[in-house]
Amino acid sequence: MAEFAILTPVLMSILFGIVEMGCVFWSYSAMQMGARAVLRDVAVNGRTPGSATAALQTYLPGWMQGHTTMNVTQSNPSDPANNTFAGSVQVPLNVAAPYSFLTYGSNWTLTANVTVVQELPFDQVITP
């Protein structure tokens, strides 16, 4: 019985750690998917880069929605045929999971970077 009392906290810590890291990986995947969708919307439909963070919130889990920032930059805004949008999404690691068992007090930042090439409207496509 003493062995059970010694091993239970260790096994519970491992179990909670696995669940929390799974939530962190899921959050990172949602960040990448949301950033890619929002950047494509900026590149194709002309959404303003300033509204990207607000649009990104709809793709994220509820526990991350108030803590995420997105920065959007353009490589060549004056030449749409060669313009590239780069987006970087940041969230503190301790809010990347619904509870902070292992990441509590962490000052690390989870970052997802996405790059999208601007697409021209159909009537402006340059054919060789």
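Helix α1 lies across β1, β2 and β3, and runs at about 30 degrees to β3. The model is predicted: local features need pLDDT of at least 70, side-chain atom pairs count only at pLDDT 80 or more, and totals for chains, interfaces and linings use all residues. Residues are numbered from 1 along each chain as its sequence is written, and side-chain values use heavy atoms, with hydrogens and water left out. The chain has two helices and three strands. Helices (H or I, at least four residues) and strands (E, at least two) are DSSP runs, numbered from the N terminus. Angles run from 0 to 180 degrees between N-to-C directions, with axes fitted to C-alpha atoms, for helices over the stretch in contact.

**Overall form**

- Along the sequence, the pattern is α-α-β-β-β.
- The C-alpha trace spans about 75 × 30 × 20 Å along its principal axes.
- The radius of gyration of the chain is 20 Å, whereas a compact globule of 128 residues would have one near 14 Å. This radius is taken over C-alpha atoms, and the globule rule is 2.2 Å times the number of residues to the power 0.38.
- Of the 128 residues, 32% count as buried. Buried means under 20% relative accessible area, exposed over 50%, and partly exposed in between (1.4 Å probe, protein chains only).
- The chain exposes about 7900 Å², and carbon and sulfur atoms supply 64% of it. Areas come from the Shrake-Rupley method with a 1.4 Å probe; for residues, only the protein chains shown count as cover.
- Of the contacts between residues at least 6 apart in sequence, 57% join residues at least 24 apart. Contact means heavy atoms within 4.5 Å.

**The sheet**

- Three strands form an open sheet in the order β1-β2-β3, with antiparallel pairing. Strands pair if DSSP finds at least two bridges between them.
- β1 and β3 are the edge strands, and each pairs on one side only.
- From one strand to the next, the twist averages 15 degrees.
- Strand β2 (residues 84-92) is joined to β3 by nine bridges. Thr-84 stands opposite Val-117 in β3.
- In a regular strand, side chains alternate between the two faces of the sheet. Strand β3 (residues 109-117) alternates in this way: Leu-110, Ala-112, Val-114 and Val-116 point to one face and are buried.

**The core**

- The largest nonpolar core has 26 residues, and Met-31, Leu-39 and Met-70 have the most contacts inside it. Such a core is a set of buried Ala, Val, Leu, Ile, Met, Phe, Trp, Tyr and Cys residues joined through side-chain atoms within 4.5 Å.
- Two or more residues of this core come from each of α1 (2-45), α2 (52-56), β1 (69-74), β2 and β3. α1 gives the most, with eight residues.
- Leu-39 touches Met-70, Val-72, Phe-85, Ala-86, Gly-87, Val-114 and Val-116, not counting residues up to four places away in sequence.

**Two loop residues**

- Gln-57 sits in the loop between α2 and β1. Gln-57 is buried, at 14% relative accessible area.
- Leaving aside neighbours within four places in sequence, Gln-57 is in contact with Met-64, Gln-65, Gly-66 and Thr-68.
- Asn-76 sits in the loop between β1 and β2. Asn-76 is partly exposed, at 27%.
- With neighbours within four places again left aside, Asn-76 is in contact with Asn-82 and Asn-83.
- Asn-76 and Gln-118 are 42 residues apart along the chain, and their C-alpha atoms are separated by 9.9 Å.
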